[in-house]
Amino acid sequence: MSEQTRKIVLPAYLMRRCEAFRIVKGDETSYLLRDKLLGRTHDFDAQQFFILEALPGVESMEKLQSVFKDRFDQPLKPSTVDELFRSLVERKLLDEAALSHPLLAPYARDLFDVVDGKPVAKPTEPVVEPELPQELAEPAVPRPVAGQKIVLPAYLVRRVKAYRNETPAGNVYYISDDLHDRTFSFEPWQFFVLEVLPGCETLEKLQSVFQDRFGHAVTREELEMLFASLADRKLFDASALKHPLLKPFALRTFEVVDGKAVQKSQVDRLSADASPAPAAVPAVAAAPVKELPAGVRDVAGLDTEATSRMWPLFDPRPLLKVMVPVLSPLRYLAYALPVLVIMALMLIGKFGDLLVKDLHDLHGRRSLIEHVLFVLFTLNLGATIVMACIAHSYKAAVERFCITLYVGFIPRFVNRIVGGERFTRKQLMALHGGNLMFRVFVFSAAVIAWYNTRDLQGSSHDFVLALVLTAGASLVLETGNPLMKGSAYFLLAAYLNEPHLRGKAYKALMNKMKAGVYQQADSTVLSIYALLFITYAFALVAFVTFGLGQWLMGHLALGGSAVILTVGLLAFLFWRNYVNLKKFGDAYERAVQFEMWRKRTLLDKGAAEGEVKTEKPSYWRRAALLCVFAAMFIPYPYEATGTFSLYPTRKQVLSTDTPGLVEEVFFDGGESVKQGTVLARLATQDQQALIKVSDAQIEEQKAVIADLKARPRPEEVRLAEQALEVARSREKFSREKAPRLEKLFRVGAVTMEEYEAARKDHETDQMQVNEKLAALALAKTGSTKEQIAAAEAKLVSLQEQRGAHVAKLDRTLLRMPFDGNILTLHLKDRTNSYLDKGQPFVSVEYTGTITAELEVAESDVQYVKTDSVIRIRPAAYFDREFVGKVATIDRNVTAKSFGNVVKVLATVENPDGLLKTGMTGEGKVAGPTMPVWQAFSQALLRFLRVQAWSWLP
């Protein structure tokens with residue numbers, strides 16, 4: 001048989017000479033019956049085989065239709081059932097037990113007649129059946145021997161061989177008697193009894209071992225019936241006479257029948273002694289508890305014992321029937337998951353401090369109840385839907401969408417899935433892996449969304465941040481933690497095919513501590529795992545209790561009552577963890593009790609006993625290793641990497657020293673403007689008035705200079721001469737008047753005052769004459785060079801003053817100083833506002849060539865040189881690469897939270913203006929060429945040559 005074919009339990013009411021197989025090809029499952037006696041095969045689809053399996057539990061067509069509806073979510077037509085049963089009759093596959101089933105009896109009568117109260121098969125004609133498929137083409141044997149060969153239990157004849165066959169319903173054991181060409185089947189409990197007989201000399205000890213293994217008792221009658229059946233089949237050898245429990249059955253007694261000695265039947269003897277008579281076929285009073293496969297055991301919704309506290313909400317099957325085909329293409333997102341995880345981890349590594357700060361702020365704004373409800377209706381709801389879709393796609397019946405309480409008080413959605421034990425190991429791994437991958441996908445996508453929405457600081461940012469917190473906590477504390485019973489644990493259990501992983505690890509740890517006897521569980525790895533999950537469980541309990549205590553004392557302010565409640569909860573949780581751990585160990589101990597008697601020698605398929613299977617050397621593996629080794633020496637261009645920020649090459653803030661009212665603004669901001677373009681204009685009335693005054697003063701001064709340069713003029717000379725003559729006439733008159741009044745004063749004709757007044761008038765007239773003489777001399781001389789130079793200097797001063805006023809007038813027009821961009825926005829809103837002296841009005845920048853500030857790790861700065869080529873990829877243009885050159889390397893080392901960096905300034909041409917100020921991204925600086933092994937081992941080499949070197953004395 002191929003790896004896709006597996007032998008399964010034969011449905012009831014079919015001939016025991018047949019074997020059943022399940023064939024899985026991709027997403028399709030089919031079933032096949034092989035008639036070993038006649039060498040024929042019969043094909044069945046999944047629905048037909050389900051009807052055959054369900055027949056023992058249904059007695060009417062209505063019940064069969066109801067069961068079929070629940071399983072396949074579609075109606076079952078009676079004509080379909082009739083066609084199936086008629087095909088079974090035509091193929092002669094029904095046995096005599098079919099006469100007792102109400103639905104099969106009408107069809108089975110075509111195969112059997114009742115003679116003297118017993119079913120007798122009718123004569124049959126050979127029927128030609130199709131050939132056996134290639135994967136099942138093995139020699140037909142007249143006995144159902146299949147599976148792995150195991151060690152034959154003691155006290156049985158050496159001519160027989162023992163086999164174990166693994167089926168979905170459990171293990172089935174066979175004893176093959178090649179001498180008599182017979183095969184005998186045994187249930188697991190019966191074979192276990194045969195295996196442990198060498199160590200059990202009394203009935204009490206045998207019952208105790210059985211109790212430890214299966215969790216229920218076995219009666220004396222059941223054991224005696226088993227031994228009697230073995231004796232009647234002549235399977236005991238001479239060594240059975242030495243065992244106290246087997247000796248009564250190994251002794252052979254005879255009776256005479258028709259003159260011949262016939263061995264007495266031990267089963268008939270027991271039946272005759274018993275009252276009432278037991279059944280002739282040995283059977284246990286209570287069937288052993290069915291062992292659930294790994295990945296189903298203890299899983300909420302799959303294991304009935306783990307889902308006792310569930311409150312059903314609705315039947316999701318009609319909804320799943322519509323959702324699964326629609327959501328099925330989303331499974332291809334699994335191929336993008338590694339990329340998302342790598343991106344998320346890189347963001348966390350670089351911006352972990354910012355993420356922790358944001359999470360801390362979010363935690364302070366949200367209460368515990370809000371977190372619980374958010375998890376319930378986002379992450380938990382989505383994961384439950386994903387698992388329901390996966391289970392439905394594998395044809396499992398998702399009967400109910402329920403709600404349960406996790407850890408006794410946290411609400412969680414869960415699916416109730418029927419038929420989970422029929423899942424293959426691959427399907428169980430897909431079921432639990434789907435839940436785990438969904439949560440990892442949500443966490444990674446939320447981290448990336450957080451990074452891209454951090455500047456928004458709105459409801460969307462809080463939503464993705466809450467997803468980061470809840471998904472991350474779920475992966476660390478439960479779902480993704482193999483130390484807790486979550487998807488990661490059940491995935492690991494299914495992968496290892498170990499349903500008692502925790503119990504096995506716990507027993508291994510106990511054996512290490514107590515030197516126990518179950519050596520199968522004595523593993524160092526298992527012991528370490530047990531120690532880890534025990535420590536983690538108790539640490540988690542302590543952490544939760546501590547947080548709850550702080551909440552009770554801080555938010556509710558319960559005081560001493562909070563301490564009592566916290567201590568009580570702590571004690572309860574510790575006790576519950578202890579009980580669960582003990583239960584794990586007890587469950588596993590029952591599962592592996594006396595495993596020393598159950599070691600089996602397994603034979604590989606295709607190898608006979610005594611042969612050693614050898615493997616051919618794999619040259620492909622050696623060739624691949626050689627190629628990898630050669631690739632390590634390929635030249636590799638090493639590049640120093642780092643995060644960059646963009647800055648403009650030129651940036652300026654425009655202002656004015658002329659305060660005034662902003663009359664007009666020609667741009668609103670954000671535009672690209674050429675050099676010299678007027679951006680805004682201030683009020684100019686005052687400056688224009690000052691310019692006019694300066695113009696008048698300049699004209700006046702020019703006239704003065706012209707007048708000075710035109711001297712001496714004849715008119716002025718004549719005027720000076722005439723003024724001198726007048727002055728002299730007045731001086732002559734006053735000179736003659738003074739002596740006359742002196743004489744009259746002496747005779748007393750005039751007063752003293754009159755005489756003094758006449759004398760003073762003469763002196764004044766004398767001074768006027770001197771002045772007019774000087775003025776005449778000056779008029780004849782003309783203007784001096786000094787006078788002309790002073791007048792001209794004053795003119796220049798007035799012109800400079802006017803130029804200052806004109807410059808101020810020009811500065812009332814705010815112009816673009818260079819070709820570039822306007823950074824300030826909403827400039828037109830400042831129209832009619834007052835701009836004070838030195839007050840900034842607009843910021844402009846030049847980005848034709850932009851500066852990239854790259855933070856290179858201190859360890860890589862040795863590879864960075866001036867004029868080295870730098871390649872940058874901004875986050876905004878992740879699909880485009882910009883090239884520049886290193887201009888400056890900072891001489892200082894800057895300390896960052898993630899390590900020391902050196903800032904490298906590079907110029908990058910930006911003719912299209914795509915690069916904006918403040919953009920960030922990743923950049924690479926071209927370095928030397930080195931072998932691949934050296935390029936990818938820089939961290940290790942640095943550690944060895946720095947840290948390890950420092951340790952040497």
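The structure, a predicted model, holds 20 aromatic pairs, where rings of Phe, Tyr and Trp (its six-membered ring) pair if their centres lie within 6.5 Å, with planes under 30 degrees apart counted as stacked, over 60 as edge-to-face and the rest as tilted. In this predicted model, local features need pLDDT of at least 70 and side-chain atom pairs count only at pLDDT 80 or more, while totals for chains, interfaces and linings use all residues. Residues are numbered from 1 along each chain as its sequence is written, and side-chain values use heavy atoms, with hydrogens and water left out.

| Pair | Centre distance | Plane angle | Class |
|---|---|---|---|
| F227 and F249 | 5.9 Å | 65 degrees | edge-to-face |
| Y638 and Y863 | 5.1 Å | 65 degrees | edge-to-face |

Because F227 lies in helix α7 (residues 220–232) and F249 in helix α8 (residues 247–250), their pair ties together parts that are 22 residues apart in sequence; helices (H or I, at least four residues) and strands (E, at least two) are DSSP runs, numbered from the N terminus. F227 counts as buried at 3% relative accessibility, and F249 counts as buried at 7%, where buried means under 20% relative accessible area, exposed over 50% and partly exposed in between (1.4 Å probe, protein chains only).

Y638 belongs to strand β16 (residues 635–654) and Y863 to the loop between β23 (842–857) and β24 (869–874), so this pair ties together parts that are 225 residues apart in sequence. Both Y638 and Y863 are buried. Elsewhere, one aromatic cluster is formed by F314, F377, F401 and F413.

Charges over rings (NZ of Lys or CZ of Arg within 6 Å of the ring centre and within 35 degrees of the ring normal) include R71, which lies over the face of F72 at 4.9 Å from the ring centre, and R91, which lies over the face of F44 at 5.3 Å from the ring centre.

Helix α5 (residues 188–196) is largely enclosed by the rest of the structure, because eight of its nine residues are buried; among them are W189, F191 and F192, together with Q190 and E195.

Four strands make up an open sheet in the order β20-β19-β17-β22, with antiparallel pairing, where two strands pair if DSSP finds at least two bridges between them. Its edge strands, β20 (813–815) and β22 (834–835), each pair on one side only. Strand β17 (residues 660–665) pairs with β22 in the antiparallel sense over two bridges, and G660 stands opposite L835 in β22.
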